[in-house]
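Hello,

Here is the structure you asked about. Please have it open while you read the notes below.

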Amino acid sequence: MIYRSISPLKYRWSAPTRAFFLLFALAAILAPLPYVFFMPGTPDDVGGKLIAIKDAPTYPVNGKLFITSILVTNPDAPVFGAETIYNWMTAENVVVPRDVVYPKRLSTKQATEESESAMTNSQASATAAALRFLGYQFDPAYYISSIRDYSDARGKLLANDYVVAIDGKKIESVEEVRAAYSNKKIGDSLRITVERKSSNGTSTQLTYEIALVASKEAATSGLKVGKPAIGVLIGTTGKFPVDIRFNIDDVGGPSAGMIFAVGIVEKMTKEDLLRGRSVAGTGTISAQGVVGAIGGIEEKMIGAKRAGATVFLAPKENCPDINHVPRGLKVIPVSTLSEAISVLRQPENSKFPSC
């Protein structure tokens, strides 16, 4: 039996078929896709004018202390096939599904508000953690950072109102806010007392009846969808004895918290923690000084290396996420602000823990 083969070079598609596949290829390349890109950002030096401190002595910073960031595709920006392929092929960039970064439950405005709120909260937590580390005493305070569109609090409570009491009971922790309605049902009311500052600085206490609504939050928020909720985000701050402000724009999220706290300690003590070094890092921080995990750590390490950092303070919880460390960058995991300060105090040739 004789077999004959047809060379693919001799096969010719018809003109309509070629046109179809050409249009299909163009559509695949030009059609918007449900992805976002993570890319290394440019670090900011908190040792400069980024942290402004009043009402307390400050000291010169001998070195650089960088907060690190990642560049993330804007939620409204279309992402096309060609650039998705390019970012997949670029080792320093990461392509992830859009819903992972911008949940469908949030509008673009809400996603932006949440990111800005997280940054504001991180600054307050960093201030609290640093001042506690330095021995200052102060009372915590809890404020409304954002109000959901579906909340009955809209038109009553305002962002930056301080929560004083719920149903007549003074609020002394964030957990007490949620506990205040743990036994209530959707439609039940709470009497929420807030302290509101006017533009001239005077404060007034106001009380509103707020009906509980069905939560529309993601599971990661700690609330189940459909469960009773006030529909507001609560931030933690304090009546601080020192005026500390952060001069930073166009950066959101909570991941700068730990380095903010280290920066405050560095500026408010005579001790030279940096000793001329370029140090970078990332990590959330609680008001009690606990350092938490963040996203995009490898992209942040790349940005730190590009800025000239030789030491990188990373949340210990992120160790499983670190697979590639830029050459010449020493990555040291920490779990608390105290550990981070202790690491910086050690001599250069000390043996440090690693992931």
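The notes below cover the disulfide and then the nonpolar cores.

This is a predicted model: local features need pLDDT of at least 70, side-chain atom pairs count only at pLDDT 80 or more, and totals for chains, interfaces and linings use all residues. Residues are numbered from 1 along each chain as its sequence is written, and side-chain values use heavy atoms, leaving out hydrogens and water.

Disulfide first. A disulfide here is a pair of cysteine sulfur atoms within 2.5 Å. The count is one. Cys319 is joined to Cys355, with S to S at 2.0 Å. The two cysteines are 36 residues apart and link distant parts of the chain. Cys319 sits in the loop between strand 19 (311-315) and strand 20 (330-334). Cys355 lies in the segment after helix 9 (337-345). Helices (H or I, at least four residues) and strands (E, at least two) are DSSP runs, numbered from the N terminus. The S-S torsion is about -60°, so the disulfide is left-handed.

Burial is under 20% relative accessible area, exposed is over 50%, and partly exposed is in between (1.4 Å probe, protein chains only). Cys319 is buried at 17%. Cys355 is partly exposed at 47%.

Now the cores. A nonpolar core is a set of buried Ala, Val, Leu, Ile, Met, Phe, Trp, Tyr and Cys residues joined through side-chain atoms within 4.5 Å. The largest has 42 residues. Ile51, Ile244, Phe260 and Leu313 have the most contacts inside it. Helix 7 (residues 257-268) gives the largest share, eight residues. A second, separate core has 17 residues, including Ile171 and Val232.

Best wishes
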